[in-house]
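Student: Could we go through this model together? I would like to start with terms and then move on to the fold.

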Amino acid sequence: AHPANVLFERLREHVPQDKVVVAAHCGGRYADIRQYFDEQLGPLVEVASCWGVFEWLLWDAFDMGYRVGVMCNSDGHKGRPGAEGPGAGQFGIYGGLTCILAESLTRPAVFAALQQRRCYGTTGPRIDLDFTVDGHPMGSSIAAGGTSGGTPAGTVQVRASARGTAPLESLLLYRGRELVHTEQPAAFDDVAGSRRVRLQWGGARIRGRGRRATWDGQIIVTGARIERAETFAFDSPVDGIVEQREHELEIRSRTTGDIDGVDLWLDHGGPIGLKMLSSFAMVVLHVDEAGRPVREPLGGLDLHARAGRYPAQPRELSLALEARVEASGGQPLWIKVVQTDGHMAWSSPIYVD
């Protein structure tokens with residue numbers, strides 16, 4: 001059944017629709033949902049798997065006006081579904097997991113939840129995420145209320161909460177691609193003068209095979225001495241810090257839409273410069289005493305480098321967000337969770353008419 005529209009036609013012809021769930025997947029090749037998509041048979045897009053992170057597939061859905069849910073999967077080909085890792089092979093990252101908000105643990109209930117987009121995905125950890133708009137659960141399509149009791153027309157009440165498997169960095173509310181609200185633990189309110197600096201990089205080159213970006217090279221610190229360095233969000237045991245000196249690290253790193261990074265504990269909290277040198281890119285970032293993150297886009301699919309001061313020891317495992325936002329015209333509202341270890345979760349959107 002090729003191409004995908006033929007598959008959809010045959011499924012409709014031969015299989016009852018309540019027994020079909022199709023998800024847009026990214027492997028070596030990727031689902032071209034701009035050309036082939038059936039919202040009734042396949043209302044889900046895969047944002048992460050062992051092949052990498054694919055937020056751009058969600059952007060494709062938004063651009064086309066599709067109403068989709070989010071899932072993450074393993075697809076590691078090693079026979080350990082739900083517990084995959086890249087090893088030394090060619091897969092990019094740890095496999096993802098999908099949380100299904102089903103009425104019961106039965107096949108019909110699980111299928112119904114997926115068909116109704118009642119699900120969310122993570123990069124692997126069992127992050128707990130709750131998200132509602134005007135009391136409706138993730139995956140819903142709702143109508144924004146009119147003016148009543150002083151509430152502006154076309155606005156909705158968003159509530160979200162998350163509990164992580166590691167300390168949380170942020171709880172982010174998006175309207176389509178637009179970031180409209182950020183919630184962070186109190187430890188992130190004042191990082192001025194912190195001697196801990198976080199440098200991260202990531203993204204992918206292209207959508208299909210050959211998407212992997214190779215960042216092997218040096219990180220050079222000017223203006224301070226490195227007292228300690230630790231990696232975070234690295235996936236493969238063959239990657240990491242190869243050598244450390246007073247002002248320089250030699251690293252081995254590959255990303256496929258995900259991020260890698262290092263935390264640097266420096267001998268003071270004053271202004272510093274960070275230079276990344278690799279065959280892929282040369283990036284120079286300057287971090288002042290206030291230390292708010294600075295970001296350098298590098299093209300491709302969200303290729304970037306980012307640096308900023310970081311709390312000495314964040315501890316908060318839980319975060320909550322409450323906001324009233326404008327939304328209409330079928331706009332998707334959705335939540336992204338980021339942990340301090342680099343792991344993430346994405347809610348299925350709620351669509352507001």
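Tutor: Helices, H or I runs of at least four residues, and strands, E runs of at least two, are taken from DSSP and numbered from the N terminus. Please keep in mind that this is a predicted model.

Student: Is α2 itself enclosed or open to the outside?

Tutor: Eight of the ten residues of α2 are buried, so the helix is largely enclosed by the rest of the structure. The buried ones are Glu55, Trp56, Leu57, Leu58, Trp59, Asp60, Ala61 and Phe62.

Student: How many residues are in the largest nonpolar core?

Tutor: That core has 32 residues, and Ile33, Leu57, Leu58, Val68 and Trp346 have the most contacts inside it. At least two residues each come from β2 (44-49), α2 (55-64), β4 (69-72), β11 (168-175), β26 (331-339) and β27 (344-347). The largest share, six residues, is supplied by α2.

Student: And which residues does Val68 contact?

Tutor: Setting aside neighbours within four places in sequence, Val68 is in contact with Phe37, Pro43, Val45, Leu58, Ala61, Arg117, Pro349 and Tyr351. There is also a second, separate core of 26 residues, which includes Ile219, Ala229, Ile251 and Val262.

Student: Let us step back. How many helices and strands are there?

Tutor: The protein chain has three helices and 28 strands.

Student: What does the radius of gyration say about the chain?

Tutor: A compact globule of 353 residues would have a radius of gyration near 20 Å, and the 21 Å of the protein chain agrees with that. The C-alpha trace spans about 65 × 55 × 35 Å along its principal axes. Of the 353 residues, 51% count as buried.

Student: I would like to check the backbone geometry next. What is the peptide bond from His2 to Pro3?

Tutor: That bond is cis, with omega near 0 degrees. Pro3 belongs to the segment before α1 (4-14). For background, most peptide bonds are trans, and most residues other than glycine have a negative phi.

Student: Which phi value does Ala233 have?

Tutor: Phi of Ala233 is near 70 degrees, which is positive in a residue other than glycine. Ala233 is in the loop between β16 (226-232) and β17 (240-244). With a relative accessibility of 18%, Ala233 counts as buried, since the cut-off for that class is under 20%.

Student: And Asp302, where is that placed?

Tutor: Asp302 is in strand β24, residues 301-309. Its phi is near 60 degrees, again a positive value in a residue other than glycine. At 44% relative accessibility, Asp302 counts as partly exposed.

Student: Now some loops. Where does Asp267 lie?

Tutor: Asp267 lies in the loop between β20 (259-266) and β21 (272-278), and is partly exposed, with a relative accessible area of 32%. Asp267 and Ile226 are 41 residues apart in sequence, with their C-alpha atoms 6.6 Å apart in space. Apart from neighbours within four places in sequence, Asp267 is in contact with Arg195, Ala224, Arg225 and Glu227.

Student: Is Gly96 buried or exposed?

Tutor: Gly96 is buried, at 4% relative accessible area, and is found in the loop between β4 and β5. Excluding neighbours within four places in sequence, its contacts are Ser49, Cys72, Asn73, Ser74, Thr122, Thr123 and Gly124.

Student: Last one: where is Leu101, and what does it touch?

Tutor: Leu101 is in the loop between β5 (97-100) and α3 (107-115). Not counting residues up to four places away in sequence, Leu101 touches Ala113, Arg118, Tyr120 and Met138. At 37% relative accessibility, Leu101 counts as partly exposed.

How values were computed. Residues numbered from 1 in each chain as written. Predicted model: local features only at pLDDT ≥ 70, side-chain atom pairs only at ≥ 80, totals over all residues. Heavy atoms only, no water. Core = buried A, V, L, I, M, F, W, Y, C linked by side-chain atoms within 4.5 Å. Buried < 20%, exposed > 50% of the residue type's maximum accessible area, 1.4 Å probe, protein only. Contact = heavy atoms within 4.5 Å. Rg over C-alpha atoms; globule rule 2.2 N^0.38 Å.
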